[in-house]
Amino acid sequence: MRKRLGKATVLGAALAIVAAVSASALHLQAGNLVVDGDGGFAPTSLAKDHFTPIRAFFHGTIGTLDGTRPSPLKTLVLEIDRNSLAETRGLPTCSLGKLKATTTPQARRACPGAIVGTGFGTVLTELPEQAPIRTSSALTIFNGPEVHGNPTAIGHAHLDYPIPTTYLAQAEIEKVDNGRYGYRIEVDFPKIVNWYGSPISGRFEINRKWHYQGRILSYANARCVDGRLQARVELGFKDETRLRGTAFKPCTIKR
């Protein structure tokens, strides 16, 4: 299901879902454009017949061979291994309304119980007749309200250049039955600074645990059925470049 979103950072929200429900390694290239990403999870020794809580992490870059600003990302489609699970029972939620026009400290104070991950992202902005400027922001991932019965995650970032702006994106984790894949996330990314801004790097970690009905639950969970966790990704950019790839991380079955 495609959902039109408000202002968003690429690595702050949608890729956070990758970290939350899988762990992938990617190297994608088309012409001058290069995307690299790597992630992991711990522990890597997992049960085969039930889900195990994990800590998941990811880092990625979008760049060019000649060092120029990459074309801005417009769309991201992710298909996630069915042997991963995002758990949200008993976890507080946060809404877009509570996060609108907030700095990072304000956002985290508004919904502390809904935070499922944190990180850091960088955007390269190149305004006409000005040298390129790199600006960075802390990234915060919140558990959002359900949409169509599916869990969502909201990514938050705040940049001060060229004017102070809060960026939000809400992504639905849609359950599907597509062979290897059990989840699908599709995000449309509006322009950043009127297309003059391009996300170029990001890193984050998902490691949220909480008490629910006498149990300790984890937002990120996985099981090891056949020795790997897998994800498929498709990226679409403003210059109509499209990158597609499949990647995996190994796991071992816990005896």
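Modeller: Before we count anything, a ground rule: helices here are DSSP runs of H or I with at least four residues, strands are runs of E with at least two, and both are numbered from the N terminus. Keep in mind too that this is a predicted model.

Biologist: Fine. How many helices and strands are there in the protein chain?

Modeller: The protein chain has 3 helices and 21 strands.

Biologist: And what share of the 255 residues is buried?

Modeller: Buried means under 20% relative accessible area. In the protein chain, 55% of the 255 residues fall in that class. The accessible surface comes to about 11500 Å², and carbon and sulfur atoms account for 51% of it. Contacts tell you about the fold as well: take those between residues at least 6 apart in sequence, and 70% of them join residues at least 24 apart.

Biologist: Let's move to the sheet. What is the strand order in the open sheet of 8 strands?

Modeller: The general idea comes first: strands of a sheet pair through backbone hydrogen bonds, either parallel or antiparallel. Here the open sheet runs β2-β3-β6-β15-β9-β10-β11-β12, and the pairing is antiparallel. The edges are β2 (26-30) and β12 (165-172); each has a single partner strand, so one side of each is left without a neighbour in the sheet. From one strand to the next, the twist averages 20°.

Biologist: Which strand does β12 pair with, and over how many bridges?

Modeller: β12 is joined to β11 (residues 150-159) by 8 bridges, and the two run antiparallel. If you want a residue pair to look for, Thr 152 has Glu 172 of β12 as its bridge partner.

Biologist: What about β9? How many of its 11 residues are buried?

Modeller: For β9 the count is 9 of the 11, so this strand is largely enclosed by the rest of the structure. β9 is joined by 10 bridges to the antiparallel strand β10 (residues 133-147), where Thr 140 is the bridge partner of Thr 118. β9 also pairs with β15 (residues 197-206), again in the antiparallel sense, over 9 bridges. There, Gly 117 stands opposite Ile 206.

Biologist: Now a side chain. Where does His 158 sit, and is it buried or exposed?

Modeller: A general point for reading strands: in a regular strand the side chains alternate between the two faces of the sheet. His 158 belongs to strand β11, and with 16% relative accessibility it counts as buried. A polar atom of the His 158 side chain lies 3.4 Å from the backbone oxygen of Thr 165. Beyond neighbours within four places in sequence, the contacts of His 158 include Thr 102, Thr 103, Ser 136, Ser 137 and Pro 164.

Biologist: I also have my eye on Asp 66. Which side chains make polar contacts with the side chain of Asp 66?

Modeller: Start with its place: Asp 66 is in the loop between β6 (55-64) and β7 (73-81). Its side chain makes a polar contact of 3.2 Å with that of Thr 64 and another of 2.7 Å with the side chain of Thr 68.

Biologist: Last topic: disulfides. How many are there?

Modeller: A disulfide is a covalent bond between the sulfur atoms of two cysteines. The count here is 2. With the bonded cysteines of the protein chain numbered in sequence order, they pair 1-2, 3-4.

Biologist: What do Cys 94 and Cys 111 tie together?

Modeller: Their sulfur atoms are 2.0 Å apart, and the link is right-handed, with 60° about the S-S bond. Cys 94 is in the loop between β8 (84-86) and α2 (96-99), while Cys 111 is in the loop between α3 (104-110) and β9 (115-125), so the pair ties together parts 17 residues apart in sequence. Cys 94 is buried at a relative accessible area of 1%, and Cys 111 is buried at 5%.

Biologist: And how does the disulfide of Cys 224 and Cys 251 read?

Modeller: Here the sulfur atoms are 2.2 Å apart. The torsion about the S-S bond is about 85°, so this disulfide is right-handed. Cys 224 lies in the loop between β18 (220-222) and β19 (228-237) and Cys 251 in the loop between β20 (242-250) and β21 (252-253), so parts 27 residues apart in sequence are tied together. Both Cys 224 and Cys 251 are buried.

Technical notes
Residues are numbered from 1 along each chain as its sequence is written. This is a predicted model: local features need pLDDT of at least 70, side-chain atom pairs count only at pLDDT 80 or more; totals for chains, interfaces and linings use all residues. Side-chain values use heavy atoms; hydrogens and water are left out. A disulfide is a pair of cysteine sulfur atoms within 2.5 Å. Buried means under 20% relative accessible area, exposed over 50%, partly exposed in between (1.4 Å probe, protein chains only). Contact means heavy atoms within 4.5 Å. Accessible areas come from the Shrake-Rupley method with a 1.4 Å probe; for residues, only the protein chains shown count as cover. Two strands pair if DSSP finds at least two bridges between them. Axes are lines fitted to C-alpha atoms, for helices over the stretch in contact, and angles run from 0 to 180 degrees between N-to-C directions. A polar contact is a pair of N or O atoms within 3.5 Å; within protein, one must be able to donate a hydrogen and the other to accept it, and residues adjacent in sequence count only if both atoms are side-chain atoms.
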